[in-house]
Amino acid sequence: SHRNNSSIGNLAQVRHVVLVLSGKGGVGKSTLTTELALALRHAGKKVGILDVDLCGPSIPRMLCVGRQDVHQCDAGWVPVYTDAQKSLALMSIGFLLENPDDAVVWRGPKKTALIGQFVSDVAWGELDFLLVDTPPGTSDEHLAVVENLRKHKVDGAILVTTPQAVSTGDVRREITFCKKTGLRILGIVENMSGFVCPHCSECSNIFSKGGGEELAKLSGSPFLGCIPLDPQLSTSVEEGKDFIQAFPESATFSAISHIAQAVLANIAAA
């Protein structure tokens, strides 16, 4: 059928696909996805974010696009662009749901079907990178995303953890999931690994540090780096200020830029 041809076509001009995974919620995965997208955009790349997190799509709010009416064209859903140059495209499952809270109680097969359709039915056009923000955990939903993207190609996954050992245990499951599904691990990021004082920009470690690095060693995956907790950036999001403008000024910017460069290098080396 014509529809199926076009769905493969929707990812035909996407050069690289990267999944962002976390073993559990609350580790700042969506924030990291957004920051990574902005850092890649700073590096001159055309980027898309596919927000498949059914349980609370927060990326639209971060990028100040609010609740959008998504339009369809012949090839599928048209993503929402955050800028006139169309260098950052966003498609969130939240845009398609009458009430995003409803999705949380859906049974597995319905979610899986929606995700499957969603992954292949967005008309991205030409992109250097498509970052996929997945739901936390290693469920059928993840398999649905991986299977649907694999028809195209997935360069690999970035695993997000926090410094505490609890979180690293969850990431161990992610590592197993990646190995089982044959997903390449591009690297591990330790998020919220310090607190940047809004007054003096001094970074202090509130939690134990180094969980991410340990884990990377254990699993033989690259350690991409630590990202501090930057209250000024969080505040800009909460107040609906422009995250895109606030981002380059933030303490997290150089950390994320390094990570973006590492991801570019790891993909180029493959």
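Two housekeeping points. What you see is a predicted model, where local features need pLDDT of at least 70 and side-chain atom pairs count only at pLDDT 80 or more, while totals for chains, interfaces and linings use all residues. Residues are numbered from 1 along each chain as its sequence is written, and side-chain values use heavy atoms, with hydrogens and water left out.

Back to our loop. Gly26 is there too, between β1 (14-22) and α2 (29-42). Are these two residues buried or exposed? By buried I mean under 20% relative accessible area, by exposed over 50%, and partly exposed is in between, with a 1.4 Å probe and protein chains only. Gly26 counts as exposed because its relative accessibility is 71%. Val27 has 2%, so Val27 counts as buried. Both carry the UniProt annotation "binding site", from an unreviewed entry, which also covers Gly23, Lys24, Gly25, Gly28, Lys29 and Ser30. Do keep in mind that UniProt positions are given in the numbering used here, feature names are shortened, and annotations may be inferred rather than shown by experiment.

Next along is α2. Just after α2, Gly44 takes a positive phi of about 85°.

Now for the core. A nonpolar core is a set of buried Ala, Val, Leu, Ile, Met, Phe, Trp, Tyr and Cys residues joined through side-chain atoms within 4.5 Å. The largest one has 72 residues, and Leu19, Leu50 and Trp124 touch the most other members. Helix α11 (residues 252-269) gives the largest share of this core, 8 residues. Counting contact as heavy atoms within 4.5 Å, Trp124 touches residues including Val14, Leu50, Tyr81 and Met91, leaving out those up to four places away in sequence.

Finally, the whole chain. The protein chain has 11 helices and 11 strands, and 53% of its 270 residues are buried. Of its contacts with a separation of 6 or more, 79% join residues 24 or more positions apart. Thanks, all!

Note on methods. Helix = DSSP H or I, 4+ residues; strand = E, 2+ residues; numbered from the N terminus.
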